[in-house]
Amino acid sequence: QRFNIKKGISINIKKKLQPGLGLAAGSSNAAVLLDMLDRLWSLGLTKDDKVLLTMDIGKDIPYFFSSSTAFDIETSHTNILPDISLSFVIAVPDFSVYTKAAYNDLDYSQVNHCSSMTSSMINAIRARQSISDYLHNDFEHVVFLKHPILADLKEDLKKAGCSNACLSGSGSVVFGLANDSINLDKLQKKYNHFQFIIACSQ
């Protein structure tokens, strides 16, 4: 309606990441689709246009139009410079935690108590300092209650040499900030039905 497009399209998505991992796979699908429609229909959208268009569709989608680390709140999406390089251990369970269910279980009286840690993380990124002490996720309380194995996984990632670990999105993935001394042998034996991936951000 906004662009007065009268045509329709048929979409077939071949998923490579299962839903419910907390890796914004569905949001990345939406971002790619918007890019394709922009080209198909010659909409002439800028990155800022795409951020504004997608903020009300899914909170993760604007990140795919950012060229750097970004900070998002309900009413704005702000790039944070400079980018920092980090190494991660990404632990992928063999089960999903669906976003809608996680939000339904969320106790809103227990959220937004870590705003000072968020501010400290932003300052650390800008100063190119460690962000390890400032990792937090309000979904952990409700998701860990339903899936205590994820709480165990978080602690085991730290024991294996990660400087800290955290639930990704609404789960089920848990990631750790990896150090050079990381040892995944015990983790892979204990969680032999999980997949462990080493990844780096540039």
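## Reading a predicted fold, residue by residue

Biologist: I'll start with S170, which is found in the loop between β4 and β5. Is S170 buried or exposed?

Modeller: Keep in mind that this is a predicted model. The cut-off for buried is under 20% relative accessible area. S170 has 5%, so it counts as buried.

Biologist: And what does S170 touch, sequence neighbours aside?

Modeller: Beyond four places in sequence, S170 touches G22, V97, T99, A102, F139 and V143. One of these partners also takes part in a polar contact: the side chains of S170 and T99 meet at 3.3 Å.

Biologist: Which peptide bond around there is cis?

Modeller: Look at omega. For the bond from G171 to S172 omega is near 20°, and that bond is cis. S172 sits in the loop between β4 (165–167) and β5 (174–177), and S170 is in the loop between β4 and β5 as well.

Biologist: Now N137. Where is N137 placed, and what lies 2.8 Å from a polar atom of its side chain?

Modeller: N137 is in the loop between α4 (115–126) and α5 (140–146). With a relative accessible area of 17%, N137 falls under the 20% limit and so counts as buried. A polar atom of the N137 side chain lies 2.8 Å from the backbone oxygen of L167. Setting aside residues up to four places away, N137 touches C166, L167, S168 and G169.

Biologist: Let's turn to the strands. How do I read the faces of β1?

Modeller: Go along the strand and sort its residues by side. In β1 (residues 70–73), A70 and D72 form the covered face, and F71 and I73 the uncovered one.

Biologist: Which strand does β1 pair with, and in what sense?

Modeller: With β2 (residues 76–79): four bridges join them, and they run antiparallel. To find the pairing on screen, pick I73; its bridge partner in β2 is S76.

Biologist: Which strands pair with β3?

Modeller: β6 (residues 195–201) pairs with β3 in the antiparallel sense over seven bridges, with L86 partnered by S201. β5 pairs with β3 as well, antiparallel, over four bridges. There, V89 has G176 as its partner.

Biologist: Last topic, pockets. How does one find empty space?

Modeller: Rolling a probe the size of a water molecule over the atoms shows where empty space is left. Here, the second largest pocket holds about 280 Å³.

Biologist: Which elements give two or more residues to its lining?

Modeller: α1 (25–40) and α2 (47–54) do, and α1 gives the most, with four residues. The lining has 14 residues, and F3, L34, L37, L43 and L53 lie nearest the pocket's centre. By class, the lining splits into eleven nonpolar, two polar and one charged.

Biologist: L43 is among the residues nearest the centre. Where is L43, and what is it in contact with?

Modeller: L43 lies in the loop between α1 and α2. Apart from neighbours within four places in sequence, L43 is in contact with F3, I5, L37 and D38. F3 and L37 are also among the residues nearest the pocket's centre. For a sense of scale, L43 and H113 are 70 residues apart in sequence and 41 Å apart in space, C-alpha to C-alpha.

How values were computed: Residues numbered from 1 in each chain as written. Predicted model: local features only at pLDDT ≥ 70, side-chain atom pairs only at ≥ 80, totals over all residues. Heavy atoms only, no water. 1 Å grid on protein atoms, 1.4 Å probe; cavity = no way out; pocket = protein on both sides within 12 Å on 5 of 7 lines; lining within 4 Å. Points joined across faces, edges and corners; volume = space filled by probe spheres on them. Nonpolar A, V, L, I, M, F, W, Y, C, P; charged D, E, K, R; others polar. Buried < 20%, exposed > 50% of the residue type's maximum accessible area, 1.4 Å probe, protein only. Pairing = 2+ DSSP bridges. Polar contact = N/O pair within 3.5 Å; in protein donor to acceptor, adjacent residues only side chain to side chain. Contact = heavy atoms within 4.5 Å.
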